[in-house]
Amino acid sequence: MTKKKLLFIRGGIHKEFAYKTFFRKNYEMIMMDTPSCDQLAIADYPYIISNNRDINEMFDLSLEIYRTKGFDGVCTFMNSPVITIGMLSDYFGFDYFNEKIARILCNKYEVRKFLKSIGDDSIKFFKICNYEDLEKCADILNYPFILKPTDNASSKGVVIVKKPDELESSYKFSLNSSFNKELIAEEFIYGDEYCAEVLIYNYQPYVVAISKKYVTAEKYCIELIDITPAPITDELRIKIANYISDTIAKFKIGNWILHIEFKINDNYQPLIIEINPRAAGGNLIESIYHLKGLNLYDYFFDIVLKNEINLEKLIMQIQKPYTKYSLFYTFINPTKSGVIKKIEGIENVRNKFINDSERLILFYNEGDFLPEPTSNLEFRGSLYLFGNDSNFLFERAKEIENLIHYDFERGLSL
């Protein structure tokens with residue numbers, strides 16, 4: 001029997017659990033990415049592109065791959081190929097989402113416009129094409145407000161503008177992370193921040209999990225911690241799920257996966273911040289699997305390959321109660337730089353783990369040059385922990401982080 005082939009347009013990073021799931025399903029992998037992508041090495045059929053933001057190059061190469069190798073579906077773990085995938089969905093009839101919806105999903109300003117058009121958005125927002133636009137809207141929005149690129153992800157270029165003398169520097173910072181050189185300024189929403197993982201099957205959205213996010217309170221909005229499930233009441237959980245399902249259904253997406261970020265205001269009303277047309281980053285999806293046995297990648301790969309899924313099983317797994325929490329914790333230490341001679345304390349970290357699912361991921365190893373961080377974007381590693389008490393998980397994470405010490409060749413020791 002011929003194996004089904006799935007075309008990955010850009011592989012993403014920290015997606016080991018996704019790839020393990022994929023190969024366990026015994027499909028063949030075609031991957032398209034730039035030469036620097038490490039994941040090309042694991043593909044059955046690797047293909048090179050010169051520009052990972054050139055939607056036409058990715059589309060044309062996809063058609064060439066189809067003529068020579070054939071494939072049964074397309075997916076990505078990144079935002080940049082989504083418009084190409086919308087074009088391919090139209091061309092091949094994959095029924096993911098059309099090009100028009102793809103272009104909306106890839107532009108934060110267009111998402112806001114769409115949400116407003118369907119009556120689900122009362123947030124003030126403005127498109128910023130130049131600095132004069134920003135000056136005009138600043139007083140209307142009132143301080144603080146959010147400024148960010150319309151076309152980037154992972155909190156890149158997102159800044160909280162707190163007062164008028166930050167306006168120019170914030171504009172330059174955000175513009176530097178924009179590819180199309182268009183920004184969006186929007187009202188700052190007070191309240192706790194959350195995210196939801198949503199699987200869409202035959203046009204019906206299913207909210208699979210809700211997590212609470214902890215984001216830096218300084219100028220730059222950087223995600224540091226995710227805890228799953230979000231420690232909220234069942235009543236609020238149902239209200240969030242209904243709101244997100246009803247809103248996403250209006251986008252008329254046929255079959256796909258979304259990572260949605262939102263806040264809860266003082267009236268306990270969820271308000272969407274961003275809609276990301278891809279799977280969550282970090283270990284969020286893996287944590288859902290370890291917590292309740294629901295492998296979201298398993299369903300996603302079947303959906304994009306047009307396989308029928310066991311909907312009754314999916315709903316049962318979504319409704320299965322949680323018995324513990326998972327914590328995804330990123331850290332920045334050390335704060336100095338140099339070539340790493342030795343990393344001490346790893347053996348002590350290992351002794352602190354309580355099960356085989358817990359782990360430490362260091363982004364720099366012995367022999368690497370560790371640059372001095374210039375912002376809280378520059379993470380040094382992450383921890384992935386489980387426990388029955390969410391507050392105790394935070395204490396364990398900080399304790400484990402403090403066990404790790406770096407010796408540098410130039411004599412610095414932290």
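Helices (H or I, at least four residues) and strands (E, at least two) are DSSP runs, numbered from the N terminus. The structure described here is a predicted model, in which local features need pLDDT of at least 70 and side-chain atom pairs count only at pLDDT 80 or more, while totals for chains, interfaces and linings use all residues. Residues are numbered from 1 along each chain as its sequence is written, and side-chain values use heavy atoms, with hydrogens and water left out.

In the chain, the secondary structure comes to 13 helices and 19 strands. The C-alpha trace spans about 60 × 55 × 50 Å along its principal axes. The radius of gyration, which is taken over C-alpha atoms, can be set against a globule rule of 2.2 Å times the number of residues to the power 0.38. For 414 residues, a compact globule would have a radius of gyration near 22 Å, and the chain agrees with this because its own value is 22 Å. Residues are called buried under 20% relative accessible area, exposed over 50%, and partly exposed in between, with a 1.4 Å probe and protein chains only; of the 414 residues in the chain, 54% are buried. Accessible areas come from the Shrake-Rupley method with a 1.4 Å probe, and for residues only the protein chains shown count as cover. The accessible surface of the chain comes to about 18800 Å², and carbon and sulfur atoms account for 48% of this surface. Where contact means heavy atoms within 4.5 Å, 65% of the contacts in the chain between residues at least 6 apart in sequence join residues at least 24 apart.

Two residues illustrate such contacts. Ile-9 has its place in strand β1 (residues 5–9), and with a relative accessible area of 0% it is buried. Not counting residues up to four places away in sequence, Ile-9 touches Met-32, Met-58, Ser-62, Val-74, Cys-75, Thr-76, Pro-81, Thr-84, Ile-85 and Leu-88. Between Ile-9 and Ser-326, which are 317 residues apart along the chain, the C-alpha atoms are separated by 30 Å. Phe-92, in helix α3 (residues 82–92), counts as partly exposed at 22% relative accessibility. When neighbours within four places in sequence are left aside, Phe-92 is in contact with Leu-63, Tyr-66 and Phe-71; Leu-63 is 29 residues from Phe-92 in sequence, and the C-alpha to C-alpha separation of the two is 9.9 Å.

Grid points are joined across faces, edges and corners, and a volume is the space filled by probe spheres set on the points. The second largest pocket has a volume of about 660 Å³. Its lining holds 26 residues, of which Arg-237, Ile-238, Lys-292, Ile-318 and Gln-319 are the closest to the pocket centre. The elements that each give two or more residues to this lining are β10 (204–215), α8 (234–249) and α11 (311–319), and the largest share, 7 residues, comes from β10. For the classes, Ala, Val, Leu, Ile, Met, Phe, Trp, Tyr, Cys and Pro count as nonpolar, Asp, Glu, Lys and Arg as charged, and the others, Gly among them, as polar; the lining of the second largest pocket has 17 nonpolar, 4 polar and 5 charged residues.

The search of the whole structure finds 1 cavity of 30 Å³ or more, and the largest cavity has a volume of about 40 Å³. This cavity is lined by Asp-226, Thr-228, Asn-283, Leu-284, Ser-287, Ser-326, Leu-327, Phe-328 and Tyr-384. Two or more residues of the lining come from each of β11 (223–228), α9 (284–292) and β14 (325–331), and β14 gives the most, with 3 residues.

Thr-228 also takes part in a cis peptide bond, which joins it to Pro-229 with omega about -5°; Pro-229 lies in the loop between β11 and α8. A cis peptide bond also joins Tyr-143 and Pro-144, with omega about -5°, and Pro-144 lies in the loop between α6 (131–141) and β6 (145–149).

Definitions and conventions:
1 Å grid on protein atoms, 1.4 Å probe; cavity = no way out; pocket = protein on both sides within 12 Å on 5 of 7 lines; lining within 4 Å.
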